[in-house]
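Dear colleague,

I am passing on to you the structure shown below, together with a short account of what was found in it. Please read the account with the structure open beside you.

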Amino acid sequence: MKHLIGLLSLLMLPLALSEIQITTIDAWRIVNAGEHTLLVNKFSENPDSMNSFIFRMNRPHCLCEEPTFVLYSPDEEDFVAPLEDTKFRGDLRVDFKKWKEVELEVFLAIEESKQNVITLKGSFPSLRDAKVIELDTVYGNDKFILENINHAMEQAQKMCESFIPYEEPEVKETKGKRV
């Protein structure tokens, strides 16, 4: 019996080490970004938009952190996208309350795909219990339905705390020894 359990464990190991790509019933996507990082995202409600809201969860602390937006540059000829590491202002509204001016920073700008990774900086309204957020920036205006964000946070936290690698660790060889 022990040998059967051991054999089944070995057969299941590749499945346990496979990459994470889950879409919850609330339309949250949870994907891995390396061995110890999960990204949890939700796409814009605008059907013509590929923009998304993302937060990250890293081991070992398993905290929801780094609220981020992936925003595509508009197709306007005169649009000039802010460069990487540039800070700029935008407006954020949570649950149809008053608009709040927020500071954002271009973390990454990929010119070929017109894709921009924008992080919230400084003070901003809490997103933990938000149902709807709207963001108005130089990239345009987007609405994100964050209903059940608490469930997505809990699911990601459970995966994070399991300490099962999200993908197989890369084996490096140095001078004939495994590292």
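Helices and strands are here DSSP runs, numbered from the N terminus; a helix has at least four residues and a strand at least two. Please bear in mind that this is a predicted model.

I begin with the cavity. The count comes to 1 cavity of 30 Å³ or more, and the largest cavity has a volume of about 30 Å³. Its lining is formed by Asn51, Leu71, Leu135, Thr137, Tyr139, Gly140, Asn141 and Asp142. At least two of the lining residues come from strand 9, and at least two from strand 10 (140-145). Strand 10 gives the most, with 3 residues.

I turn next to the nonpolar core. The largest such core has 34 residues, and Phe53, Phe69 and Ile133 are those with the most contacts inside it. Two or more residues are given to this core by each of several elements, including strand 4 (52-58), strand 5 (64-72), strand 9 (132-137) and helix 2 (149-161). Helix 2 gives the most, with 6 residues.

Which residues does Phe53 contact, once its neighbours within four places in sequence are left aside? Among them are Phe69 and Ile133, as well as Trp28, Val40, Pro67, Leu127, Phe144, Leu146 and Ile149. The contacts of Phe53 also include Asn41, Lys42 and Thr68.

Yours sincerely,
A colleague

Key
Residues are numbered from 1 along each chain as its sequence is written. This is a predicted model: local features need pLDDT of at least 70, side-chain atom pairs count only at pLDDT 80 or more; totals for chains, interfaces and linings use all residues. Side-chain values use heavy atoms; hydrogens and water are left out. A nonpolar core is a set of buried Ala, Val, Leu, Ile, Met, Phe, Trp, Tyr and Cys residues joined through side-chain atoms within 4.5 Å. Buried means under 20% relative accessible area, exposed over 50%, partly exposed in between (1.4 Å probe, protein chains only). Contact means heavy atoms within 4.5 Å. On a 1 Å grid over the protein atoms alone, a cavity is a set of points where a 1.4 Å probe fits but cannot get out, and a pocket is an open set with protein on both sides within 12 Å along at least five of seven lines; lining residues have an atom within 4 Å of a point. Grid points are joined across faces, edges and corners, and a volume is the space filled by probe spheres set on the points.
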